[in-house]
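This report covers selected contacts, cores and strand pairing. The sequence and the structure come next.

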Amino acid sequence: MAKRRRQSTKISKELIVCEVLRLGHDGRGIAKKQGKTQFVEGALPGETVKAKYISQRAKFDELQSVEILEASAQRVAPPCPHADICGGCSLQYMSVEAQIAYKQDVLSEQFKHFGNIEPEQWFEPIVGPSKAYRTKARLGVVYVGKRDEVILGFREKRNKLITNIEHCIVLDSRVGNKLNDLRCLVASLTIRQNIPQIEVATADKCVALVVRHTESFTAEDLNKLSDFGKAHNFEIYLQPGDASTVHKICPENTPDRLHYYLNGHLPSSSSVSVLNEIDLAFHPSDFTQVNADVNRQMVARALAWLDIKNTDRVLDLFCGLGNFTIPMACLAKEVVGIEGNEAMVARGYENAERNALENVSFLVANLQTDLNSVSKAKWAKKGFDKILIDPPRSGALDIVNHISKFKAQRIVYVSCNPATLARDAGVLIEKGYCLVSAGVMDMFPHTAHVESIALFEKKFEKQTKKQGKKKRGING
């Protein structure tokens, strides 16, 4: 029997006036009409806007603002001419200061939602440059045969089409200023219709482009790609299949590694001055933080909060290539990094050797399914003094349920999803930890993405500290 198709609901073409009450967690304005929630893209709290319907559902409507009738003081002119259509950024019409305050409010609301949690102290947000900050990106490529034109850019808002952008203000300027040159290169290639994507990965001293292609390049094409790389000081990689097929063609016979350095923004005490020399290598396809400046400050904040001593055993969960593991190993007696990706574990050991560290181990484990084997492993039975957790968006619920077995005094939790951080914070509090401090990091300016960091301490340690302070006050 054939399945019945759902009848498509006609969307009203009426333009309506919306009074925006607040912003939702996705950055859209929220209004009400006869009790029904309206999500209004492109609108800020306190504004009155004229909007068109995008979709209409039983419980809510989705709209797009088309005219600002009463503007908020937070509204600014978007710095990018593509801001209205390009999906790479969503909040360019909102001042940077207001964006950060909004993100802090989102984190606070999530803490309250999951058990009415409140940190003892909110720290000042970690911020960096709001332009030319993005070190990694995937540019879509489409060849339009009828117009003999190559379109290159990010996906548009609300659809899968590619925005044809000439200049990107958030992408590393070494690439963001050369998108027209890159478009012209693709247009000159014989298989331009078979190049769906170019991945950008930038490092402190160089830029890599990974060109995805579904047909083989001609010798002439390869020469053009290499000449382009040499002219712009780009490393050129090709990807004819899955991630395992990525290989470098320019410059030839050189390692397929980029590098970033954890210098600047790090704690200035002599005990950690060695951190200024840390060199972390990565493959262009590896996960790295998208904002180098904020990443350096984030590592510094985590180290300061953990207060690592040379007698400490430290555990780094979801450690990746060692972004936190390597600097922590410069201070601790021993560090163990756990990661589910074997390639990242290999990269971790590579970075430990590069930085002449022998007190760090990297192990492969799925922190969602291998928890019994993890907690019963020989290395885990010794316990840990400090723990760093940097999970994916799904959070670390499984591992925090086992966290008591490690007997750590302090935990720093780095999060890319305030909802799962707040959920996991509730579990940590149940396990006997206090939420000492928390706040946001503006890793993705001009977007609704909220990155945050939180410090937890075991209750007995907190009580001991308070008693010590009180005693010193009496004696004084």
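Leaving aside its neighbours within four places in sequence, which residues is Val290 in contact with? They are Tyr133, Arg134, Thr135, Lys136, Met443 and Phe444, where contact means heavy atoms within 4.5 Å. This is a predicted model, in which local features need pLDDT of at least 70 and side-chain atom pairs count only at pLDDT 80 or more, while totals for chains, interfaces and linings use all residues. Residues are numbered from 1 along each chain as its sequence is written, and side-chain values use heavy atoms, with hydrogens and water left out.

Val290 lies in the loop between strand 15 (279-282) and helix 5 (292-306); helices (H or I, at least four residues) and strands (E, at least two) are DSSP runs, numbered from the N terminus. Val290 counts as buried because its relative accessibility is 6%, buried being under 20% relative accessible area with a 1.4 Å probe and protein chains only. Thr135 is 155 residues from Val290 along the chain, yet their C-alpha atoms are separated by 5.1 Å.

Two nonpolar cores (sets of buried Ala, Val, Leu, Ile, Met, Phe, Trp, Tyr and Cys residues joined through side-chain atoms within 4.5 Å) are listed here.

| Core | Size | Residues, among them |
|---|---|---|
| Largest | 85 residues | Ile198, Leu209, Leu225, Met328, Val412 |
| Second, separate | 46 residues | Leu44, Ala98, Ile117, Phe456 |

Beyond four places in sequence, Met328 is in contact with residues including Leu303, Leu306 and Leu388.

Six strands form an open sheet of mixed pairing, in the order 1-5-6-4-3-2; two strands pair if DSSP finds at least two bridges between them. Strand 1 (15-19) and strand 2 (22-23) are the edge strands. Strand 5 (residues 48-56) runs antiparallel to strand 6 (residues 60-70), joined by eight bridges.

How values were computed. Buried means under 20% relative accessible area, exposed over 50%, partly exposed in between (1.4 Å probe, protein chains only).
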